[in-house]
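Hello,

Please find the sequence and structure below. My notes on what turned up follow after that.

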Amino acid sequence: MSVDMYTICPCGNGKKIKFCKCRDSVGELDRVTKMMEGGQYVPALDRLSNILREHPDAAWAYAVRGRLLLSLREYETLAENAERFIRLQPSNPLALTQRAVAKLFRDDIDGGLDSLLEALTESGREIDSFVLDVASVFAVAFARIGNYLTSRVYATLPMMTTGYEGGAGSMQLLRQLNGSPSINQLLKWLPELIERPDEADWGERYDEAAGLLRNNKILLAQSKFESLRRVAGDEPAVLSGLLSCAIWRGNADQQADCLRALSGCEGLDLEQRHRYRAMSALVRPESPELSVESVVLTADVSDLEQVEMAMTAESRFVPLPREMMDGMRTEDQDVPPRAGFQLLDRDPPSADSLPAVDEVPGMLAVVLLFGKQTDRSACVEAYDVRRANVDEVRTRLSAVIEGAELTESADDSRPIPLLAACNTPVAMIRYQGNRADAEALQAEVEASRMPSMIASLPLGLLGGKSLIECVDDESAKFDRTAVMRVVENFDAIVARDESIITKVYELAKLEPLPPISLSNEQAETVANEDLNRIDPQGIDRPTLVYLLQRAQQVAATPAARRFAHQILESDIPEGDEASQQEAASARMFALVSLVQASTRISDALRWLEEAKGHAEKHGLPTADLLINELELRIQSGDPEGFQRAVETLTSRFGNDPEVMGQVQQMLIQYGFLRPDGSPQQGGPGGGAPVAAGNPAAMSPGGPGAGPGDGGGGSGLWTPDSPGGEPPAQGGGKLWVPGMD
């Protein structure tokens with residue numbers, strides 16, 4: 001098939017083939033394309049190499065070869081291809097993009113981003129799909145390091161480009177960023193440019209810079225905004241332009257500086273200034289203004305066995321479960337610890353039943369015992385010691401390590417993030433009880449202890465003081481309010497119990513923001529961070545469904561519950577069948593939403609039963625409900641309910657391969673079945689999979705145990721991935737059968 005000489009050349013320079021230097025060699029394009037479509041990648045690469053030897057100026061071959069090398073993950077060869085491509089056409093956006101992705105995979109994210117921005121600057125009105133593909137890769141890279149605004153802007157770019165069909169990955173990333181309860185609501189939107197004053201004498205220069213920004217000419221826009229800052233540096237419009245450029249550049253420090261400068265602009269609305277100040281502390285991945293110092297206490301010992309025996313005999317030292325010890329490492333140790341203990345803040349109560357709220361022990365530190373190694377003595381190391389607890393931990397350790405010298409060092413590599421520091425670290429101790437009672441006790445512990453814990457945290461945003469310490473300092477009121485904007489916009493906190501935030505406001509002596517009453521027409525304009533403030537009274541059902549969908553998408557759990565309850569309170573109309581069906585579907589959506597928004601399994605099961613009854617009454621599908629029930633029965637330790645759910649699923653959907661396939665995958669995940677579908681002997685881990693009445697336990701597995709729950713672990717990039725470092729940094733939760 002001959003090549004149409006009047007199509008745009010694939011080399012990326014924007015010219016038609018007839019007027020491009022590639023015209024003498026592009027006849028091979030069809031042959032190479034067929035090879036690639038047939039999966040003959042190595043022959044295609046060989047053919048491209050031959051073409052480049054015969055036609056050194058065949059830029060199209062460099063362009064196609066780069067795409068192929070990227071898909072094959074040949075990053076070293078890709079870097080070489082990119083440099084040769086750039087020497088041939090220095091301003092070619094595809095060449096610059098190849099260099100960008102090559103640098104990224106060499107761990108030079110800043111250099112790669114500079115090259116990608118050059119590619120965007122050199123692109124015409126239509127951005128090549130390869131540039132957009134690579135923009136999505138950078139979006140993932142910035143999400144991995146916690147630079148969420150930059151991740152969002154590069155994930156949004158492909159979504160906003162007309163005609164681009166490769167945006168599925170970006171859409172999935174945006175769903176993850178929006179749906180994460182551990183990402184603050186204030187980071188789930190991109191700040192918009194602030195309009196300039198009409199009478200500004202620098203208005204024309206600003207409009208030119210803003211136009212460049214809208215056309216993705218970021219490098220050119222930044223130079224113009226920086227020039228404007230020299231003459232109008234305090235203007236919100238100019239600062240917002242610089243902020244947008246800093247987001248595109250991936251520079252978290254500059255983002256923080258611009259946001260803080262915006263928070264000082266007295267011409268802006270006071271509430272917007274509070275939010276800018278809160279965002280300025282949030283945008284840095286490590287959040288130095290929103291983390292708590294973590295101290296390590298270390299002592300060399302001569303007789304480790306004696307120390308272990310002394311700790312075992314002391315009631316305040318409770319052994320860590322053996323399964324937690326396996327694989328534990330620290331940065332300074334090459335081998336796992338010989339033993340590990342939790343140092344409690346009070347004596348443990350009897351294990352015969354669940355304790356009272358004030359008897360539940362908290363954890364002051366994780367204490368690890370390491371044996372003698374070639375280059376160092378045996379030692380004891382206490383991790384995750386908060387500054388306020390140093391003296392007590394030191395005293396307790398000195399009592400069981402006689403004569404040893406305890407050295408203290410600030411664990412700069414493991415500061416405790418705000419989201420983890422807000423939790424009372426609950427010790428992991430087994431008690432006789434059941435899951436429902438354990439969940440109820442967990443909620444009581446959080447509601448009683450978390451407010452004072454939050455209000456007592458020494459934060460950099462408050463100059464190293466806590467909310468309580470600066471409560472009477474009127475000059476600190478602005479920053480105190482900014483701290484509250486941060487805390488109340490973490491769904492991982494407010495989803496537990498809304499009274500927690502109310503109590504923190506009281507301790508901080510601040511007034512919470514008032515509820516918002518809005519019309520149906522205003523629903524689309526409300527900000528994500530304001531969803532939890534909306535009063536649902538007077539809003540019609542279709543608008544409530546829309547708001548409920550939004551609340552779910554951005555993990556605004558209190559709002560989701562409120563909208564769902566309001567939908568359930570509205571009557572199903574009589575007469576019109578279509579209206580009745582719409583109302584029935586809305587009620588089903590509300591019930592399922594309440595299942596998903598429940599923090600206790602007992603509540604989730606209660607709403608699920610109501611949803612099943614509603615579905616049966618109105619002829620709505622039940623397969624997903626039954627699969628959900630199966631999982632909840634496993635988690636709640638209810639063998640009878642689990643068996644009933646299995647029987648119902650089998651009788652109704654035994655001939656539906658899609659439904660039964662989902663059931664099989666879930667049973668494999670929980671360890672009931674092997675991957676080949678055969679039964680697992682003895683259930684998960686060789687023991688009973690669910691057993692009501694088994695011991696309950698206190699476990700450091702809640703927010704703070706990993707990145708997904710606000711911890712500081714270094715697991716996968718996704719905000720809610722499991723993982724994290726072994727010594728728990730944050731709070732804990734009660735758990736029962738199926739969770740250990």
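In which loop is Met160 found? Met160 sits in the loop between helix H8 (148–159) and helix H9 (168–179). Before going on, please keep in mind that this is a predicted model.

Met160 has a relative accessible area of 65%, and exposed means over 50%, so Met160 is exposed. Together with Met159 and Met171, Met160 makes a nonpolar surface patch of about 290 Å².

Is Ser151 buried or exposed? Its relative accessibility is 0%, and the cut-off for buried is under 20%, so Ser151 counts as buried. A polar atom of the Ser151 side chain lies 2.7 Å from the backbone oxygen of Ala139. Setting aside neighbours within four places in sequence, Ser151 is in contact with Ala139, Phe142, Ala143, Leu173 and Leu177.

Ser593 is buried, because its relative accessible area of 3% is under 20%. Which backbone oxygen lies 2.7 Å from a polar atom of the Ser593 side chain? That oxygen belongs to Phe589. Not counting residues up to four places away in sequence, Ser593 touches Leu548 and Gln552.

Regards

Notes. Residues numbered from 1 in each chain as written. Predicted model: local features only at pLDDT ≥ 70, side-chain atom pairs only at ≥ 80, totals over all residues. Heavy atoms only, no water. Patch = residues over 30% accessible without salt bridge, like charges linked within 9 Å, V, L, I, M, F, W, Y side chains within 5 Å. Areas by Shrake-Rupley, 256 points an atom, 1.4 Å probe, with all protein chains shown as cover. Salt bridge = Lys/Arg side-chain N within 4 Å of Asp/Glu carboxyl O. Helix = DSSP H or I, 4+ residues; strand = E, 2+ residues; numbered from the N terminus. Buried < 20%, exposed > 50% of the residue type's maximum accessible area, 1.4 Å probe, protein only. Polar contact = N/O pair within 3.5 Å; in protein donor to acceptor, adjacent residues only side chain to side chain. Contact = heavy atoms within 4.5 Å.
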